[in-house]
Amino acid sequence: MLVFNVRPGITIVYAPLILLVEFVLILGLSLGLASLNVYYRDVQYIWAVFLQAGFFASPIIYPISIIPQKYFWIIKLNPMTPIIDMLRGSVIYSTFPVLMDVAFIIVAALVILAAGYMIFLKLEPEFAEAM
């Protein structure tokens, strides 16, 4: 931002909140995947493939505007897409987050956290025996 002389606006105050929702999402994924990895060692290799595909399915290195309109709904199903778009918008472009995107990522993060925590609770009592 210093190199391109981009000054963040007041909307940068949304960045920590967006990162908090991202943290909840990643915590849920981590709980579930780590618990499954104790029993099924191939999860780490399968997850590496999904992570690589997710990198290209998320608008990290390209703007979301280059996606054709007929495929736009597919890319919006990825919970990381609105997170990346909102972070980019609030920090670089000084735009306010869209309320529907905020609601979607909060619900998605809480559902993934609940699923990951339930997987963890179910598998955790036998972690010692699985090793």
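## Exercises on a predicted model

In this predicted model, helix α5 has 25 residues and reaches 36 Å from its first C-alpha to its last, close to the 36 Å expected at 1.5 Å a residue.

**Exercise 1.** Find which residues of α5 are buried, and state what covers them.

*Solution.* Begin with the helix itself, where Asp101, Ile105, Ala108, Ala109, Gly116 and Leu123 are buried. Finally, take Ala109 as an example: leaving aside its neighbours within four places in sequence, Ala109 is in contact with Val21, Val24 and Leu25.

**Exercise 2.** Locate the aromatic pairs of the structure, and work out the geometry of the pair formed by Tyr14 and Phe96.

*Solution.* A search of the whole structure finds four aromatic pairs. For Tyr14 and Phe96, the ring centres are 5.9 Å apart and the planes stand at 75 degrees, so the pair is edge-to-face, given that the cut-off for this class is over 60 degrees. This pair links distant parts of the chain, since Tyr14 lies in the segment before α1 (15–39) and Phe96 in the loop between α4 (80–93) and α5 (99–123), 82 residues apart. As for accessibility, Tyr14 counts as partly exposed at 31%, whereas Phe96 is exposed, with a relative accessible area of 54%.

Phe55 and Phe56 also form an edge-to-face pair, with 5.2 Å from centre to centre and 85 degrees between the planes. Phe55 is partly exposed at 31% relative accessible area, and Phe56 is likewise partly exposed, at 48%. Elsewhere, ring pairs link Tyr39, Phe120 and Phe127 into a cluster.

**Exercise 3.** Decide whether Thr11 is buried or exposed, and trace what its side chain reaches.

*Solution.* Thr11 has its place in the segment before α1. Its relative accessibility is 2%, so Thr11 counts as buried, the cut-off being under 20%. The side chain of Thr11 reaches the backbone oxygen of Ser90 at 2.8 Å. If residues up to four places away in sequence are not counted, Thr11 touches Gly89, Ser90, Ser94, Thr95 and Phe96.

**Exercise 4.** Examine the phi values of Asn5 and Ser94, and say where each residue is found.

*Solution.* Asn5, although not a glycine, has a positive phi of about 55 degrees; Asn5 is found in the segment before α1 and is exposed, with a relative accessible area of 55%. For Ser94, phi is near 55 degrees, which is again a positive value in a residue other than glycine. Ser94 is found in the loop between α4 and α5, and with a relative accessible area of 32% it is partly exposed.

Methods: Residues numbered from 1 in each chain as written. Predicted model: local features only at pLDDT ≥ 70, side-chain atom pairs only at ≥ 80, totals over all residues. Heavy atoms only, no water. Phe/Tyr/Trp six-rings, centres within 6.5 Å; stacked < 30°, edge-to-face > 60°. Helix = DSSP H or I, 4+ residues; strand = E, 2+ residues; numbered from the N terminus. Buried < 20%, exposed > 50% of the residue type's maximum accessible area, 1.4 Å probe, protein only. Expected span 1.5 Å × (residues − 1). Contact = heavy atoms within 4.5 Å. Polar contact = N/O pair within 3.5 Å; in protein donor to acceptor, adjacent residues only side chain to side chain.
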